[in-house]
Amino acid sequence: MTLRWLFGDQLGPHFVHDHRGPLLLVESRAVLARRRFHRAKAHLVLSAMRHRARELGERVTYVRTDGGYADAVREAAERHDGPIEVVHPTSYAALGLAHRLATELDLRLLDPRGFATDRADFSRWAAGRGQKRLVMEDFYRRARVAHGVLLDGEGGPEGGRWNYDHDNREPPPRGATTLGAPDPWWPEEDEIDEEVREDLDRWERDGAVSFIGRDGPRRFAATRRQALAALDHFVTERLAHFGAHEDAILEGDTWMAHSLVSAPLNLGLLDPLEVVQRAEEAYRSGDVPISSVEGFVRQVLGWRDYVWHLYWHLGEPYRRHNELRADQRLPAWFAELDSSATDARCLAHALDGVAEHGWVHHIPRLMVLGSYAMQRGWSPRQVTDWFHRAFVDGYDWVMVPNVVGMSQHADGGVLATKPYTSGGAYIDRMSDHCGSCRFDPKVRVGDDACPFTAGYWWFLDRHRERFAANQRMARAVGGLDRLRDLPALVEQEERRGNRAP
């Protein structure tokens, strides 16, 4: 019989439903030793793998090794004495490993799973675009039609609109300290989590591994049953609160109305189509407004799949793009998640959220952490690596397009037509950070100058020539000429450099 080798992000039933033979899972400590991952991320991945091995029982050979995957697969091949197959991995490095092993073993590569649109279909769509940009909105509408999601009886968009993004950008409710949504569903830890934590503690004491962040109670699903429970609770209790304020930030509300299913989705515990269908059912039953459901569906069926396909379509060299010539090193205070190093409330709050949970939602990622990195001119490769290591839902395929293209504009506009950065006014509008911050979002120069406001104009000034030719940026660039304090601002920010604000 054929042995199927599973990676640690291929843990759901859709990776084995068509296979009745033996299975192989490899837990490699060497992966954790090579890079400093978030402690909560290491805990989640090992817990999920070990839980899956227990579920699969005698069907699976679960290998724990201090070495890499290659030797473990070779040894399994010798014991098995038959063909091996592996579902297409989710990174170039893992795919390269599979190809190398295929030259010496009887190993077959299966098509990717865990995404709604297949690779061949995306390639046909991309080829048919000609010289047109691969716009996410176009991809998303096509996927809605292909999978019959949120369509009316005539094949058009349910509710008469494809996109409710304009309705879903509201600031937090005035005077609120929380959004008022019910708390998320939380998993209960068990003896496997206890074993994982003991192993990680021992490896750290022995100096074999080192982590960033803190490993508190596990907040993300590590089993299929937990993932389904988290999804069901989100849809029934929280999805209705999601839409309007999905871009808002409140210091007293870590989770807002977000689903927290990105981590189990990226571990392969959920299939995106079942997630989307569950949300659509809530709309059809009249329990959740269309704006909330469409906003969530766009994240899963649209953006998630789109990023996955761009990762492969743009090729391995894409990760090395650095069109803005950003070459500053990631400073230690940021890399180590030291929220105490900065007086900027938005930065401190985001860093503390990552340190505590290995997670903050998409706006702190993009408009606080990513925006600040781009304004400072930090190396996009280092920023990408940090996001990959620091977030529980971060994988190579996730972070390369999201950070290189969307967050750092390092591809020069392939993914996004404008850089996603702003002054403090945006953060002031979309959060409650600025009221308790010693910096003033309206001030550019001086002791109380907001580092985002000053950083925004400093960034534009450094790239004035490039962005003057960008239709979406020309007006902002023109504003530089109206800043009488621009020379003082530039001197101030160059003096600040990478020091924490």
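Ala, Val, Leu, Ile, Met, Phe, Trp, Tyr, Cys and Pro count as nonpolar, Asp, Glu, Lys and Arg as charged, and the others, Gly among them, as polar. The model is predicted, so local features need pLDDT of at least 70 and side-chain atom pairs count only at pLDDT 80 or more, while totals for chains, interfaces and linings use all residues. Residues are numbered from 1 along each chain as its sequence is written, and side-chain values use heavy atoms, with hydrogens and water left out.

**The second largest pocket**

Select Val 31, Arg 35, Phe 37, Ser 91 and His 388, which lie nearest the centre of the second largest pocket among its 35 lining residues. A pocket is an open set of points on a 1 Å grid over the protein atoms alone, where a 1.4 Å probe fits, with protein on both sides within 12 Å along at least five of seven lines; lining residues have an atom within 4 Å of a point. The lining comprises 18 nonpolar, six polar and eleven charged residues. Next, colour domain 1 (3–110) and domain 3 (320–496): both contribute to this lining, so the pocket lies between them. The domain bounds come from an automatic or database domain assignment.

**Ala 72**

Proceed to Ala 72, which is buried, at a relative accessible area of 3% (buried means under 20%, with a 1.4 Å probe and protein chains only). Display its contacts (heavy atoms within 4.5 Å): leaving out residues up to four places away in sequence, Ala 72 touches Val 26 and Val 63. Finally, select Leu 24, 48 residues from Ala 72 along the chain; their C-alpha atoms are separated by 9.5 Å.

Terms used: Buried < 20%, exposed > 50% of the residue type's maximum accessible area, 1.4 Å probe, protein only.
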